Amino acid sequence: MRKQKITYSQVGDNYDTKDPIKKLAQNAAAATGRNLIKRGFEELASSRGESAYVWKQGNTLMATMIEGLGTKTIVADDTRKITGKTYYDVCANDTVAYIINDLISVGAKPLTIHAYWAIEDNSWLADEKRMRDLIRGWQRACDLSCASWGGGETATDKGIIVKGNIDLAGSAVGIIGSQKRLVTDKNLKAGDRILLLKSTGINASGISLARAIAKKLPKGYGAKLPSGKLFGEAIMTPCNIYANLVEDLLDNNIHIHYLNYISGHGMRKIMRARPDFTYVVEKLFEPQEIFPFIQKHANLDDFEMYQTYNMGQDYVVFLPEKDVKKAQKIIAKNGFKSLDAGYVEKGKRQVVIKPKGLIYKGSTLDLR
């Protein structure tokens, strides 16, 4: 009997439906940029559709970003029933990580972070251990980002949020300062090297697919990976936060031509930039054991996996070849692993992943 194939578009995000709506919203939003001029400011129009929005305040550049965690909190709740840990320090960390890792992709230093926590009713707040872990994790992630937790909103949305669940999201403001530190796709060039930073695992994308697999398994999140680690625990591995690393690279005069956080859309995110380039990936980090586990139980091919998950590759730094060795030393000093993985060349917009024989065409990532 043939195993059933389970894709992310079936159980989570269908990007074919979502991305056109995002583009429609972006077009409407672009028309509002003129309002900044009335306040004496000006938007950086090229930042629309990027990971963070940039505007000018005199000679200073500012950036803002908003992001949400998604359904990783459901995994935390279900895995807690097995291990006794709440994992809400991880949920907090990952929410902040998703906000900050996008904000810094334009070269911004995080300044303030605001939290948005939505619950069904106030009974969710009564679990003291869970609340302490959430608050502790959020504070620690702010400290790792060198940003002030400026406050937030705890919404009680009865009838919208399912009882017992929480929706974690937030926003951040950062400062780029001078034009010299601004990172946009205008800097990207043919011949640039592609540095990949190693992920800690699944992060917080494709979680709905992982949850669908847990429902199929006799032991659910208690199923063991080859190392003996529980499936649920592997999902709840915290993400890296790269704020201090990017600042360190820029402070050391590394000529960063572009930055990308590999989250939704998987390895296709390598071609997020607008110019028509071909991105050739010649080396990859070995995927953590959770990825082949998911692939086996979802019955997916490499093409589907690498367009859904980071597969061990977390963040992408595009830079001139002359800066690669110096950048890798700085990356290692900050406690992260990097791989001089490939190069940018002239050609049609696509990602070519040579070790896997995969090609993702530009038409599959149309975010602008």
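Tutor: A residue is called buried when its relative accessible area is under 20%. The model discussed here is predicted.

Student: What makes strand β9 mostly covered?

Tutor: Strand β9 spans residues 277-281, and five of its five residues are buried.

Student: Why are β1 and β5 called edge strands?

Tutor: The open sheet of six strands has the order β1-β2-β3-β6-β4-β5, with mixed pairing. The strands β1 (42-43) and β5 (148-156) each pair on one side only. Within this sheet, β3 (residues 60-68) and β6 (residues 166-177) are joined in the antiparallel sense by eight bridges, and Thr 64 has Val 173 as its bridge partner in β6.

Student: Which strands does helix α6 touch as it packs on the sheet?

Tutor: Helix α6 (residues 128-144) touches β4 (109-119), β5 and β6, and its direction makes about 160° with that of β4.

Student: How do you know that Arg 136 and Asp 133 form a salt bridge?

Tutor: The criterion is a side-chain nitrogen of Lys or Arg within 4 Å of a carboxyl oxygen of Asp or Glu. The closest N and O atoms of Arg 136 and Asp 133 are 3.0 Å apart, and the pair therefore meets the cut-off of 4 Å. Both residues lie in helix α6, three residues apart, about one turn of the helix.

Student: What makes the salt bridge of Glu 50 with Arg 274 a link between parts apart in sequence?

Tutor: The closest N and O atoms of Glu 50 and Arg 274 are 3.9 Å apart, which is within the 4 Å cut-off. Glu 50 lies in the loop between β1 and β2 (53-57), and Arg 274 in the loop between β8 (258-261) and β9, so the pair ties together parts that are 224 residues apart in sequence. Glu 50 is buried at 13% relative accessible area, whereas Arg 274 is partly exposed at 34%.

Student: What ties helix α6 to helix α4?

Tutor: The side chains of Arg 130 and Asp 77 meet in a salt bridge, 3.9 Å from N to O. Arg 130 lies in α6 and Asp 77 in α4 (residues 72-83), so this pair ties together parts that are 53 residues apart in sequence. Both Arg 130 and Asp 77 are buried.

Student: Why is helix α5 called mostly covered?

Tutor: In α5 (residues 88-103), 15 of the 16 residues are buried. The helix reaches 23 Å from its first C-alpha to its last, close to the 22 Å expected at 1.5 Å a residue.

Terms used:
Residues numbered from 1 in each chain as written. Predicted model: local features only at pLDDT ≥ 70, side-chain atom pairs only at ≥ 80, totals over all residues. Heavy atoms only, no water. Helix = DSSP H or I, 4+ residues; strand = E, 2+ residues; numbered from the N terminus. Expected span 1.5 Å × (residues − 1). Buried < 20%, exposed > 50% of the residue type's maximum accessible area, 1.4 Å probe, protein only. Pairing = 2+ DSSP bridges. Contact = heavy atoms within 4.5 Å. Axes fitted to C-alpha atoms, helices over the stretch in contact; angles between N-to-C directions.
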